[in-house]
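Here is a briefing on one chain. Start with the view below, then read the points by topic.

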Amino acid sequence: QVQLVESGGGLVQAGGSLRLSCAASGRTAWSFVMGWFRQAPGKEREFVAQISWSGSNPYYADSVKGRFTISRDNAKNMVYLQMNSLKPEDAAVYYCASDLRSTSSRTVGYWGQGTQVTVSS
């Protein structure tokens, strides 16, 4: 079993930055592909970014490429999402995810409870 707890969401102006953190616990949490998804009101949950257990080969949705950076610290069982140049369309509830089998939300093994990101224009 893996537990995920997100933090770092909040209100930011367009063009600003936020850093989301995800604390993972569970015996094998460090070994999974981990990532972030987001869900805006009335929309489906969508893939944002993922990172392998080694921290190599991060992969991003086209909509955030070049603005967001995913990283992880396995010694601390932490995953981060640095979000720069935020746009109003980035506003959503952001979910930490563990044991990703693809970029589909239907193949995620574990979810956090989510953290709200609001971007004012």
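Helices (H or I, at least four residues) and strands (E, at least two) are DSSP runs, numbered from the N terminus. This is a predicted model: local features need pLDDT of at least 70, side-chain atom pairs count only at pLDDT 80 or more, and totals for chains, interfaces and linings use all residues. Residues are numbered from 1 along each chain as its sequence is written, and side-chain values use heavy atoms, with hydrogens and water left out.

**Fold and dimensions**
- The chain has 11 strands and 0 helices.
- The radius of gyration is 13 Å, close to the 14 Å from the globule rule for 121 residues, so the chain is as compact as a globular protein of that length.
- That radius is taken over C-alpha atoms, and the rule is 2.2 Å times the number of residues to the power 0.38.
- Along the principal axes, the C-alpha atoms fill a box of roughly 40 × 25 × 25 Å.
- Of the contacts (heavy atoms within 4.5 Å) with a separation of 6 or more, 55% join residues 24 or more positions apart.

**Surface and charge**
- Buried residues make up 43% of the 121 residues.
- Buried means under 20% relative accessible area, exposed over 50%, and partly exposed in between (1.4 Å probe, protein chains only).
- The mean positions of the 12 positive and 8 negative charges are 4 Å apart.
- Lys and Arg count as positive and Asp and Glu as negative, while His and the chain ends are not counted.
- Each charge is placed at NZ of Lys, CZ of Arg, CG of Asp or CD of Glu.

**Nonpolar core**
- A nonpolar core is a set of buried Ala, Val, Leu, Ile, Met, Phe, Trp, Tyr and Cys residues joined through side-chain atoms within 4.5 Å.
- The largest one has 32 residues, and those with the most contacts inside it are W36, V48, F68, I70, L81, M83 and Y94.
- Elements giving two or more residues to this core include β3, β4 (34-39), β5 (46-51) and β7 (68-73).
- The largest share of this core, 5 residues, comes from β9.

- G15 sits in the loop between β2 (10-13) and β3 (18-25).
- G15 is exposed, at 53% relative accessible area.
- Beyond its neighbours within four places in sequence, G15 is in contact with S85 and L86.
- G15 and I70 are 55 residues apart in sequence and 18 Å apart in space, C-alpha to C-alpha.
- S21 lies in strand β3, and S21 is buried at 14% relative accessible area.
- Not counting residues up to four places away in sequence, S21 touches V5, E6, S7, W36, M78, V79 and Y80.
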